[in-house]
Amino acid sequence: MIKKRGVELIIFDLDGTLIDSRIDIANSVNYTLKQLGLSPLDEKIILGYVGDGVRSLIERALSPSNLNLFEKGLSTFLAYYSEHLLDNTFFFPEVMDTLNFFSYKKMAVISNKPEVLSVNTLKGLGIYNFFKSVVGGDSLEKKKPAPEPVIKVLEDLNVDREKAIIVGDSYVDIEAGKGAGIMTCGVTYGFKSRDAILKAEPDFMIDHLTELKEIIY
C-alpha cells in the first residue's frame, strides 16, 4: 500500500499528460515542412522531438542541413498551429474526472509550449479555470527541465515545496520537480516511453491519471 501524501498544489504538464495533441502537432510540423519544400516526417519521429519547446521541435524536424530555414519554419509552424491546435486534440481518459475531484486544491500547468498557446488550448477545451497559474516555455528565461518554472509557481501560489507535486510524461517534468524539491509523478500513457520516464526516477508512477487519488490527499 502506498502511503498517501498531503498535497496543497498539483502541477500538471499539458501535452502528453492532460491532453493528447500528437495529431495536431504532427500535422502542423508536416504543414511547415511542406511550405518549406521539404519531405514530411512520420508522426512517431515528430513525437520523439516533442517536449523541449517549439524552437527545439522545429530545429529537430529540419535537421542540421536545413537550419537556414529555421526562422521561416518557426513562424510558419506557430501561425498554423495557433489556428489548428484543437482540430484533433482531446483529453486523455479520466482527466476531467480527476480535475473535478481535486478542484478544491490549487492546481497549475507548466508546459514547454509557448504560454499563449497553452492558455488558448486550456480555454478552448474548457478547463482553464481549474488552474491558478499557467506557465509556458517562453514565460521565463528558463523552461523545464530547469526548476525555475516550478519555483515561480510555488512562490506565486504561496505553497511550500513539501506540499506540492508535479505530474508529467517526460523526464523534463521529473527533473524540474526534483530540482525544485517537490514530489514527482510520472505517467506512462503519454508521449514518452515507460522506460524513459522510469529512468528519470519519479517518486510515483501511474498508468491512469485518476490513480492520483490513491497517492495524494
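Predicted model: local features only at pLDDT ≥ 70, side-chain atom pairs only at ≥ 80, totals over all residues.
Where does T17 sit? You'll find T17 in the loop between β1, residues 9-12, and β2, residues 19-20. And is T17 buried or exposed? Its relative accessibility is 0%, so T17 counts as buried.

Now, on to a pair of helices. Two packed helices are described by the angle between their axes and the distance between the axes. Here the pair is α7, residues 148-157, and α8, residues 171-180; their axes come within 8 Å and cross at roughly 55°. That angle makes α7 oblique to α8, and the crossing is right-handed. Which residues meet there? From α7 we have V150, I151 and L154, and from α8 we have A176, G177 and A180. Sorted by type, the residues of this contact are 5 nonpolar, 1 polar and no charged.

Last stop, helix α3, which spans residues 54-62. Which of its residues are buried? They are V54, S56, L57, I58, A61 and L62. And what covers them? The cover includes three other helices: α1 (22-35), α2 (43-48) and α4 (70-84). If you follow the chain past α3, you come to S63, where phi is positive, near 70°.

Note on methods: Residues numbered from 1 in each chain as written. Heavy atoms only, no water. Helix = DSSP H or I, 4+ residues; strand = E, 2+ residues; numbered from the N terminus. Buried < 20%, exposed > 50% of the residue type's maximum accessible area, 1.4 Å probe, protein only. Axes fitted to C-alpha atoms, helices over the stretch in contact; angles between N-to-C directions. Parallel < 35°, antiparallel > 145°, perpendicular 65-115°, else oblique. Left-handed = near helix turned anticlockwise from the far one by under 90°. Contact = heavy atoms within 4.5 Å. Nonpolar A, V, L, I, M, F, W, Y, C, P; charged D, E, K, R; others polar.
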